[in-house]
Amino acid sequence: MPHSAPELPSAAGGGAGWTVAATVDLLSQHTDAHYCEGRARLLPGAGFFRPESRPSRDLGVLLARTLAARGPLRVLDAMAGCGIRALRYGLEAGAEAVWANDADPDRLPLLRENLASLAGLRCSALTAQHLLADCLQRQERFELLDLDGFGCPTALLPLALEAVSFGGVLYLASTDGRSPTGHDRPAAIRLLGAAARAHPASWELALRLQLGSVARAAWALGRGIEPLFSFSEGRTFRSAVRLRRRSEPGEEHHLGMLAYCHGCGDQQVQPLIRLRQWLPCHCPAGEIAPLAISGPLWIGPLQEPELLAEMQIYAEVDPGASLSAEGARLLARLLADRGLPARCWPMAEIARRLKGGAPPLLSLVAALREGGWSAQVSGVMPGQLRSDATWAEILQTAAQLVGMATGTAK
């Protein structure tokens, strides 16, 4: 069981000290109205807080609820902010112990006030590196580690994984939208150890690069991973990853490279372990454009349908689990798309290639399935097709559907 939180160092010791009078004075300055979400009611305070991120918090709570059904749930919220996620984990997911940490010591009194109702509560004001290193030194692990910070979290991954119990989950967020989407290639090399090139499924590219970083960090520790769900709204990239005691046979086949041709739109995927020469794309002879190759990245599944279905059941039957309408739509999209294969095209690109518009996305999905191909609507980015069909087959099928709709089909 987690021990009680150490007090902050006193001002005389050169740290951020707090007297009772100073704490009361600080809390009296919080004039914001209380914010309510699910069963939580708290003061957001003056720090960064986004009500729009509720769907990600909803899924985190439902994930925690499934973990609590399997045994005692201990949660570490490493970058807690005002404490909204930590509070909901305690109130709605049934966490028996919650450690809420934020690097800003000025937020600690607010954090303690907001979370005062939780049993097994620990609060601290440490940097994420200090916090996770402390967990490693004491060999303390958690069933759920919520790492929701700013920028790219790659540097924290080895320590973060050491703080997750076997079978536990790392719920990871990154707000670095430039380097993993191909807009800052040098930064992608530095931060991710990977090439990131402009790609029409940019959100998914960022998520797969993030998962690739998690996989490499876990494998270096002799562990294995299982992605449970991954999603983005274009601003933050979130993945929930289960840590295994050891990797599964063939797990390394899920790390690979993704190639995209800006000339013809073709895409190819290869695992690193069987990396060979890329096949010719569909550019006309003499007009072949160089392939834009990204990776290494995760080319395996993004979602675990059984876990998502369990989360959906809890949302429907458990009065303690709160799911917003937007969160419910997100959960349904992820449940319908496992994330395989790692090839997605926006319908806008198909329309541009056909020079005459594109058919409805669902019609194209149905037609490709009738032709024996795998096809589904992407749950990661709106208006995108995921399929293992060849690019030529996709364009031909789309053109036929447009022709039938306009009466020009041959």
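Cys 281 sits in the loop between strand E11 (residues 267-271) and strand E12. Helices (H or I, at least four residues) and strands (E, at least two) are DSSP runs, numbered from the N terminus. This is a predicted model, in which local features need pLDDT of at least 70 and side-chain atom pairs count only at pLDDT 80 or more, while totals for chains, interfaces and linings use all residues. Residues are numbered from 1 along each chain as its sequence is written, and side-chain values use heavy atoms, with hydrogens and water left out.

Cys 281 has a relative accessible area of 15%, so it counts as buried. Buried means under 20% relative accessible area, exposed means over 50%, and partly exposed is in between, for a 1.4 Å probe and protein chains only. Leaving aside residues up to four places away in sequence, Cys 281 touches Cys 261, Cys 264, Asp 266 and Ile 288. Contact here means heavy atoms within 4.5 Å. From Cys 281 to Gly 265 the C-alpha distance is 8.5 Å, and the two are 16 residues apart in sequence.

Glu 251 is another loop residue, placed between strand E9 (237-244) and strand E10 (255-261). Its relative accessible area is 4%, so Glu 251 is buried. Its contacts, not counting residues up to four places away in sequence, are Trp 219, Gly 224, Ile 225 and Arg 244. Glu 251 and Ile 189 are 62 residues apart in sequence, and their C-alpha atoms are 23 Å apart in space.

Next come two exposed loop residues. Gln 139 is in the loop between helix H5 (128-137) and strand E6 (142-148). Its phi is near 55°, a positive value in a residue other than glycine. With 58% relative accessibility, Gln 139 counts as exposed. Lys 355, in the loop between helix H11 (347-354) and helix H12 (361-370), has a phi near 60°, again positive in a residue other than glycine. Lys 355 is exposed, at a relative accessible area of 75%.

The chain also has cis peptide bonds. One joins Gly 295 and Pro 296, with omega about 5°, and Pro 296 belongs to strand E12 (residues 291-298). Another runs from Leu 340 to Pro 341, with omega near -5°; Pro 341 is in the loop between H10 and strand E13 (344-346).

The helices can be followed in pairs. Two packed helices are described by the angle between their axes and the distance between the axes. Axes are lines fitted to C-alpha atoms, for helices over the stretch in contact, and angles run from 0 to 180 degrees between N-to-C directions. Angles under 35 degrees count as roughly parallel, over 145 as roughly antiparallel, 65 to 115 as roughly perpendicular and the rest as oblique.

Helix H9 (residues 305-317) packs against helix H10 (residues 325-335) at an angle of about 155°, with the axes 9 Å apart. H9 and H10 are therefore roughly antiparallel. From H9, Pro 305, Leu 308, Ala 309, Met 311 and Gln 312 meet Leu 331, Leu 334 and Leu 335 of H10. By class, this contact has seven nonpolar, one polar and no charged residues. Ala, Val, Leu, Ile, Met, Phe, Trp, Tyr, Cys and Pro count as nonpolar, Asp, Glu, Lys and Arg as charged, and the others, Gly among them, as polar.

H9 also packs against H2: their axes come within 9 Å and cross at roughly 100°. H2 and H9 are therefore roughly perpendicular. The residues in contact are Leu 59, Leu 62, Leu 63, Arg 65 and Thr 66 of H2 with Leu 307, Glu 310, Met 311, Tyr 314 and Ala 315 of H9. They divide into seven nonpolar, one polar and two charged.

Met 311 leads on to the nonpolar cores. A nonpolar core is a set of buried Ala, Val, Leu, Ile, Met, Phe, Trp, Tyr and Cys residues joined through side-chain atoms within 4.5 Å. In the largest core, of 45 residues, Leu 59, Leu 63, Leu 144, Phe 229 and Met 311 touch the most other members. Helix H2 (residues 54-68) gives the largest share of this core, six residues. A second, separate core has 35 residues, including Ala 78, Ala 201, Ala 217 and Phe 237.
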